[in-house]
Amino acid sequence: MTRKISLSGVKPTGTLHLGNYLGMIRPALELAREYTSLYFIADYHALTTVHNGDDMRRMSYEITAAFLALGMDPGETIFFRQSDVPELFELTWILECFTPKGLMNRAHAYKSAMDANLAEERDPDAGINMGLYTYPVLMSADILLYGSHAVPVGQDQRQHVEIARDIAQAFNNNYGEVFVLPEAVIQKEVATIPGIDGRKMSKSYDNLLPIFAPAGKLRKRVMRVVTDSRPPEEPKNPDECNVFNIFKHFGAPEEIQAMRELYQRGGFGYGEVKQRLYETLERTFGQAREKYEALMNDLPVLEEILLDGSRRARKMGAPIMEKARKAIGVRYQR
Ligand code: TRP
């Protein structure tokens, strides 16, 4: 039996951190066992905000190196760069002609940018480019081009997958079954992890623990995790402590249990548990970091993997594009 297809994309927009690992990278690696899985760097989505070519290139390579270093098998997962698939833009135009403008007016990213303008009494469209406005159509093309069944995304992307489904349905209603109707797969318990200041780990708070920082820098960041001022001897509630709430995602089950008991007993300093957290992170990511650094020093290898991925992705997209072209009555090759 042929396996179902899962597809997801990630924008190259910032330093990869432990929150990305738990929320995106690890789930993607797990899904690859069950599905024929496509994963891509959404560089043309990032272009709505990233307007520096060097940044775009570097972050695209960083994501590729990260996935490889953390165990992705590029022979299995089709890993590629969105911009290496020219058919995507042909399909984007086709889909635009089946996208009600009102649907785009209601899309979250555009709406919240517009609401922010209104709140500041600016022109409602100030600073909003057409790329941001039509973002959901490009994303629909990403999804529909390869016949994706499942689209693993965070809650914030659910609406985009629903838009893809609506557009596919509008097209299919007119021409017959051309596109697979995709479904969003939202992780039930997206692991949220506190940053070093205790708020959700997020690049906008500058509170990250990076996955691939050099050991010394990582240790320094870990030592800065905010804790309360209870004296060492006092028992503590582990669930209220940022150090524990990061540790629990990476320690082995018996280590987590032991750490829990230590908190409840008291009689330790925060420096001690931070050191343990650091050692655990080092054990989890130390080897991956070496691999990551080696890959970042060998860009032609990354380029080769991305090109091979795009060849395979284009092969999967080709018959669907042919069907679409034939349906709408433009040139097609069979
Ligand atoms: N919009 C997604 C994000 O911001 C990235 C993305 C682009 C994507 N195309 C996609 C995700 C297709 C899933 C499927 O995270």
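1. Basis. The model is predicted: local features need pLDDT of at least 70, side-chain atom pairs count only at pLDDT 80 or more, and totals for chains, interfaces and linings use all residues. Residues are numbered from 1 along each chain as its sequence is written, and side-chain values use heavy atoms, with hydrogens and water left out.

2. Polar atoms at the ligand. A polar atom in the side chain of Tyr135 is 2.7 Å from a nitrogen atom of the ligand. For Asp142, a side-chain N or O atom lies 2.8 Å from a ligand nitrogen atom. For Gln157, a polar side-chain atom is found 2.9 Å from a nitrogen atom of the ligand.

3. Cavity. One cavity of 30 Å³ or more is present, and the volume of the largest cavity is about 40 Å³. Here a cavity is a set of points, on a 1 Å grid over the protein atoms alone, where a 1.4 Å probe fits but cannot get out; lining residues have an atom within 4 Å of a point. Grid points are joined across faces, edges and corners, and the volume is the space filled by probe spheres set on the points.

4. Cavity lining. The largest cavity is lined by Ser6, Leu7, Ser8, Ala28, Leu31, Ser37, Leu38, Tyr39 and Pro152. At least two lining residues come from each of β1 (5-10), α1 (18-31) and β2 (36-41); helices (H or I, at least four residues) and strands (E, at least two) are DSSP runs, numbered from the N terminus. Six lining residues are nonpolar, three are polar and none is charged (Ala, Val, Leu, Ile, Met, Phe, Trp, Tyr, Cys and Pro count as nonpolar, Asp, Glu, Lys and Arg as charged, the others, Gly among them, as polar).

5. Thr92. This residue belongs to helix α4 (residues 87-96). Thr92 counts as buried because its relative accessible area is 11% (buried is under 20%, exposed over 50%, partly exposed in between, with a 1.4 Å probe and protein chains only). A polar side-chain atom of Thr92 is 2.7 Å from the backbone oxygen of Leu88. Beyond neighbours within four places in sequence, Thr92 is in contact (heavy atoms within 4.5 Å) with Val137, Leu138 and Ala141.

6. Gly198. The loop between β5 (183-186) and α9 (215-223) contains Gly198. With 32% relative accessibility, Gly198 is partly exposed. Its C-alpha atom lies 8.5 Å from that of Thr227, 29 residues apart along the chain.

Conventions: 1 Å grid on protein atoms, 1.4 Å probe; cavity = no way out; pocket = protein on both sides within 12 Å on 5 of 7 lines; lining within 4 Å. Polar contact = N/O pair within 3.5 Å; in protein donor to acceptor, adjacent residues only side chain to side chain.
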